[in-house]
Structure formats: structure tokens, C-alpha cells
Amino acid sequence: MNGPTPEAGRSGKLGIGAQILVGMAVGAVLGAILGEGIGWLEPVGDLFIRLLMLAAIPLVFFNLLAGLTSLTDLRTFGRLAGKIATFFLATTGVAVVLGMMVIGVIRPGVGMTLTEAAERDVGDVPGVAEILLDLVPTNVFQAFAEGNVAQLVVVAVLLGLTTLLLPGGPRDRLRGAYADLAELFRKLVDLILVIAPYGIAALMAVTVGRYGADLFGPMARFVGGVWAAHLIMVLCYVVVLRLLTPWSPVDFLRRTGT
């Protein structure tokens, strides 16, 4: 994804990450000063989240399709598909274990008061066959509408394999279309990120204004637990990137605009 370049940083212009941090700080101050009266800003934050979700799901889908169909050898495709599946399952397992560890250590949510009664019946634990079947959507448009990334990965792999089996003409045209659509949604994300500092500021202001001092009690522990788990997971990805690819983690993060 295109993002702020090193040259932009040297010219004195803040990168998107720094702008978001500034937005969070400004939003927190506004929320603390104005309290619940800042609620009128909530639609701004909701609009940003909606726009981001609008672009993120098709971006993942077409990026994956463009990458898979850039291959010419079905054996290479098979190896890559196997690596994707292995990586997805392994990182999902690590995320689940990490989440359980954070819950056990930090105990987020203890002391928080729920405004509504919680459902006690969480249902039965699904079996392996049910989990595998759930990865295959019966309706691809429903998968898009629900933002089911796991199902869309399966659809992208199947479509990528089918594309490679087509004759040269249709195959090349679809390759170009996938690449163009991936570039289109990358550009859309770039445009949406222009308003990211304002959207994050609005969300932060409304949250601080609505919950006030509660943010520095049990909710702070809850949010801190989520952020700590995310940070550890990012570090896991950085380690994998360093060990299994020629990329420098710092260079990779800079190029992706983080």
C-alpha cells in the first residue's frame, strides 16, 4: 500500500501514524473538557470506520487474487496456497493462545459494570468438521457483506487456481483486472486515510466524553490488555518477517506507511 515516503518525513511533514496519535491526544482532551456534550462528533468517527471497512475487505481479496494469479506454475501456486493456509492457521492459533494468556494475567473486564444483561448461553463448541465447512461460503456476496475474511481467502484461492487453468487470453485479461482492482482499492484506502486523524480524534473524544473517569479504571485495563496483545502479535509478525524473508522489518513498516 502506498504511504508516506521517507522523503516526506524528512521534509517535516508528519506521517499518518504521527497524525493519528496527535488526533487521539486532541480527541482525548476535547472529550475530557466537554464531556457527553461532545457526542455530536460520533457520526464523524462512525463514518471513518464504515469507509475503512468498505475498502479493507475488497482490498484484501483482490490483493490476494492479484498475487496468486501472478504465478505461472501450478506447483508454485500449490506451495504458496499451502504456505498461506499454514501461516493463517498458525497465526490464528498463536493469537488465541496469546489472548487467553492476556486474559489470565490482566483479567480485563473485572470491575466493569454492564448496562445490559449478558447472554449466559454461548452455545456448544463447534467441531473440526463444522469449522472447516464454515470456511466455504454458500454465497460469496454474503461473505463480502459480513466481512468474513477467512471465507474470502478460500474464495480467492479457488478463483486464483481457476484463473491459472484458463486459456492464455482470458487468463491474462483477468490477471490485469485483478491487479488493477487491487491498485484501485489501495488508492481508495490512501484517500480514506486522509481523514483518519479526524475520525480517530472524533472516536476518542466521544469515548472519553461518554465514559470519563471509567476509562482510567477497569476499562483502562481492558483496553490496555487488548493493545498489549496486539503489540505482542505485531512483534511475532515482525520476527517471522525477519526470519523467513529478506525484508528488513523497519523498511517494511516504513514502506507500508505505519
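1. Basis. This is a predicted model: local features need pLDDT of at least 70, side-chain atom pairs count only at pLDDT 80 or more, and totals for chains, interfaces and linings use all residues. Residues are numbered from 1 along each chain as its sequence is written, and side-chain values use heavy atoms, with hydrogens and water left out.

2. Fold. The protein has 11 helices and 0 strands. Helices (H or I, at least four residues) and strands (E, at least two) are DSSP runs, numbered from the N terminus. Contacts are heavy atoms within 4.5 Å. Of those with a separation of 6 or more, 77% join residues 24 or more positions apart.

3. Burial and surface. Of the 258 residues, 24% count as buried. Buried means under 20% relative accessible area, exposed over 50%, and partly exposed in between (1.4 Å probe, protein chains only). The protein exposes about 17,000 Å². Carbon and sulfur atoms supply 69% of that area. Accessible areas come from the Shrake-Rupley method with a 1.4 Å probe; for residues, only the protein chains shown count as cover.

4. Aromatic rings. There are 3 aromatic pairs. Rings of Phe, Tyr and Trp (its six-membered ring) pair if their centres lie within 6.5 Å; planes under 30 degrees apart count as stacked, over 60 as edge-to-face and the rest as tilted. Phe61 and Phe62 are edge-to-face, at 5.1 Å centre to centre and 80° between the planes. Both are buried. Phe62 also pairs with Phe185: the centres are 5.9 Å apart and the planes are at 5°, so this pair is stacked. It links Phe62 in helix α3 with Phe185 in helix α8 (residues 168–193), 123 residues apart. Phe62 and Phe185 are both buried. Ring pairs join Phe61, Phe62, Phe144 and Phe185 into a cluster.

5. Ile57. This residue is in helix α3 (residues 42–69). Ile57 counts as buried because its relative accessibility is 10%. Leaving out residues up to four places away in sequence, Ile57 touches Phe144, Gly147, Val149 and Leu152. Ile57 and Asn148 are 91 residues apart in sequence, yet 8.4 Å apart in space, C-alpha to C-alpha.

6. Nonpolar patch. Leu14, Val22, Val26, Val29, Leu30, Ile33 and Leu34 make a nonpolar surface patch of about 620 Å². Like charges are joined within 9 Å, nonpolar side chains (Val, Leu, Ile, Met, Phe, Trp, Tyr) within 5 Å. Val29 is in helix α2 (residues 16–34). Its relative accessible area is 49%, so Val29 is partly exposed.

Note on methods. Patch = residues over 30% accessible without salt bridge, like charges linked within 9 Å, V, L, I, M, F, W, Y side chains within 5 Å. Salt bridge = Lys/Arg side-chain N within 4 Å of Asp/Glu carboxyl O.
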